[in-house]
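Please keep the sequence and the model in view while reading.

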Amino acid sequence: MQDSRCQAPRFVPVGFLVARLFGRSRFTRSGKAFPAILAVALTFMLLMPEPSLAQVQTYSCTTAFGPVPIAPVLPGLLLQSLKTVANPVLPNGPVGVVRGDLTDYIANQAAAIQLGKALFWEMQAGSDNKTACATCHFKAGVDGRDRNQLNPGANGGWDGFGYGPNYTLISNDFPFTTLPTKDVDNIVGSQGVRKSQFMGFSKSGAELTSSVADPVFSVSGVNVRQVTGKNTPSAINAVFNHRQFWNGRAQPEFNGVNPFGNRDGTAHVWMLGSTGSPVQIDIHIPNASPASQAVGPPLNGVEMSAAGRAFPDLGHKLLLAKPLGLQKVDPTDSVLGSLADTTTGKGLTVTYRSLIQQAFQPKWWNYSKRMPVGSYNMMEDNFALFWGLSIMLYEGTLVADSSPMDQYLLTRVFSTTTFDPVTGMPLLVSDNPAMALPSLNGRCRRRRRFRFRPVSEWDVSGVTWAQRLLAPRSGT
Ligand code: HEC
């Protein structure tokens with residue numbers, strides 16, 4: 001979030017524009033933007049009418065900081081189709097061998113992707129048995145719902161205009177701020193679960209929760225679903241992010257327990273030691289921000305969880321449950337179809353236990369007694385490790401590399417002798433006319449400013465990438 005004492009630069013950074021096209025890269029305080037996407041972002045200047053927009057911009061701060069550079073000049077790279085960019089978590093593809101450094105954990109990548117997909121879509125992961133990751137990342141990887149999607153923002157109030165819990169958004173609500181008449185700091189987020197407290201399990205293994213009075217998300221004293229204070233970014237192409245979340249807090253290294261990576265020295269997992277007994281160790285899996293991210297929402301009291309639930313509790317619950325047992329699974333699903341229970345019409349024919357046993361090396365689960373600490377067994381205690389890594393591998397399959405833009409980028413031909421005097425980038429000498437979109441008139445083609453919006457949905461039947469529509473921005 002921008003410091004209120006700083007004034008934003010006059011121009012939208014070019015990286016932001018391109019980041020909108022290919023998931024988002026991450027501009028962090030430490031300046032560690034995800035290199036591949038940030039670098040290609042700079043090349044967007046080729047497509048912009050005024051190349052000087054890509055020059056370094058600074059925030060001017062009135063106190064304390066002084067000028068803060070926000071966009072270091074990086075060597076330009078040509079904007080490329082995602083088809084040509086290596087997949088950071090599935091370098092050999094979904095059916096190829098697993099990434100080298102993951103072999104210590106993953107025994108069978110295909111099984112891990114099945115496990116990750118099942119967990120991502122699993123309604124029973126929510127304390128309310130209704131909220132899955134996919135609940136908020138359902139439409140082209142984001143959230144297309146319009147009712148009860150408002151959070152009151154930093155000032156804690158609803159700011160008039162009829163806003164409040166259960167409000168249904170309409171297009172006229174936007175933009176929220178049109179000074180001097182309208183200044184609304186509400187945030188369009190995503191509805192998660194009702195405020196509640198985790199109370200353990202019933203004898204049959206059902207999760208028990210107790211409602212907690214909610215002063216913000218309630219109507220006439222009855223709790224409604226709480227709404228996140230941030231907008232939901234896409235899970236599609238998220239594997240390309242060096243860190244995850246708007247503020248980059250999901251770390252690149254996965255510690256097997258929570259989003260905080262190497263920053264949390266207290267995070268331990270169990271491993272079978274040389275004597276065959278479990279020992280507690282620290283792990284640091286590099287380039288694994290999707291795994292760090294994935295272990296956040298399941299315990300979050302707004303997104304998916306009753307307060308006080310721990311990951312082994314979730315493991316305990318899901319290991320007793322039928323995977324996707326409350327949901328229909330399409331038998332033609334590309335990943336889970338072969339496991340769909342067509343007899344009952346709901347869920348999978350395998351258990352989470354067997355998927356974990358296939359997907360992960362035995363040293364992370366093969367011990368049936370209780371752990372020396374706590375009351376759970378090894379598979380339950382290491383559940384965050386299985387959850388994070390399997391969802392990361394599944395998200396490796398969520399790459400939208402065949403959008404019209406990707407296809408177009410594959411067809412360009414650049415000069416080897418003529419270069420842009422400002423950027424040093426080679427000039428475009430040939431476009432494949434077949435790829436030119438019909439609605440692009442001469443002026444738009446020349447200026448090449450596009451806006452992108454997702455048009456297709458994504459569902460459990462296995463359609464796993466977004467189609468993007470390219471259209472000229474009106475007035476340019
Ligand atoms: C209640 C809605 C909700 C649920 C459920 C949910 N998310 Fe999200 N997701 C969000 C929001 C909101 C953010 C942004 C949060 C932030 O930046 O602080 C987010 C961020 C992300 C990101 C980061 C993308 C980026 O560009 O930084 C990924 C990946 C993601 N979620 C995947 C998941 C997975 C995996 C699960 C399940 C374990 C999940 N989400 C559950 C709403 C949700």
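## Overall architecture

Of the 476 residues of the chain, 40% count as buried; a residue is buried if 20 or more other C-beta atoms lie within 10 Å of its own, exposed if 12 or fewer, and partly exposed in between, with C-beta atoms placed from the backbone. The model is predicted: local features need pLDDT of at least 70 and side-chain atom pairs count only at pLDDT 80 or more, while totals for chains, interfaces and linings use all residues. Residues are numbered from 1 along each chain as its sequence is written.

The chain has 11 helices and 17 strands. Helices (H or I, at least four residues) and strands (E, at least two) are DSSP runs, numbered from the N terminus. Among contacts between residues at least 6 apart in sequence, 66% join residues at least 24 apart; two residues are in contact if their C-beta atoms, placed from the backbone, lie within 7 Å.

## Packing of H3 and H7

Helix H3 (109–120) packs with helix H7 (residues 352–359) at an angle of about 145°, and their axes are 8 Å apart. Axes are lines fitted to C-alpha atoms, for helices over the stretch in contact, and angles run from 0 to 180 degrees between N-to-C directions. H3 contributes Ala-111, Ala-112, Gln-114, Leu-115 and Ala-118 to the contact, and H7 contributes Leu-355, Ile-356, Gln-358 and Ala-359. By class, this contact of H3 with H7 has seven nonpolar, two polar and no charged residues. Here Ala, Val, Leu, Ile, Met, Phe, Trp, Tyr, Cys and Pro count as nonpolar, Asp, Glu, Lys and Arg as charged, and the others, Gly among them, as polar.

Ala-321 lies in the loop between helix H6 (311–320) and H7. Ala-321 is buried, with 20 other C-beta atoms within 10 Å. Ala-321 and Arg-353 are 32 residues apart in sequence and 9.9 Å apart in space, C-alpha to C-alpha.

Strand S8 (residues 196–201) and strand S9 (residues 207–211) run antiparallel and are joined by four bridges; two strands pair if DSSP finds at least two bridges between them. Gln-197 has Ser-210 of S9 as its bridge partner. The two strands form a hairpin with five residues between them, and Gly-205 in the turn has a positive phi of about 95°.

## Backbone features in loops

Cis peptide bonds join Phe-174 to Pro-175, with omega about -5°, and Leu-179 to Pro-180, with omega about 5°. Pro-175 is in the loop between strand S4 (150–151) and strand S5 (177–178), whereas Pro-180 lies in the loop between S5 and strand S6 (182–183).

Asn-129 has a positive phi of about 60° although it is not a glycine. Asn-129 is in the loop between H3 and helix H4 (133–136), and is partly exposed, with 16 other C-beta atoms within 10 Å. Asn-237 has a positive phi near 70° and is found in the loop between strand S11 (222–223) and strand S12 (269–272). Asn-237 is buried, with 24 other C-beta atoms within 10 Å.

## Surroundings of the ligand

The ligand is surrounded by 28 residues, the closest being Cys-133, Cys-136, Gly-192, Phe-245 and Pro-297; a residue is near a molecule if its C-beta atom, placed from the backbone, lies within 6 Å of it. H4 and helix H5 (289–294) each supply at least two residues of this shell. The shell divides into 14 nonpolar, 11 polar and three charged residues.
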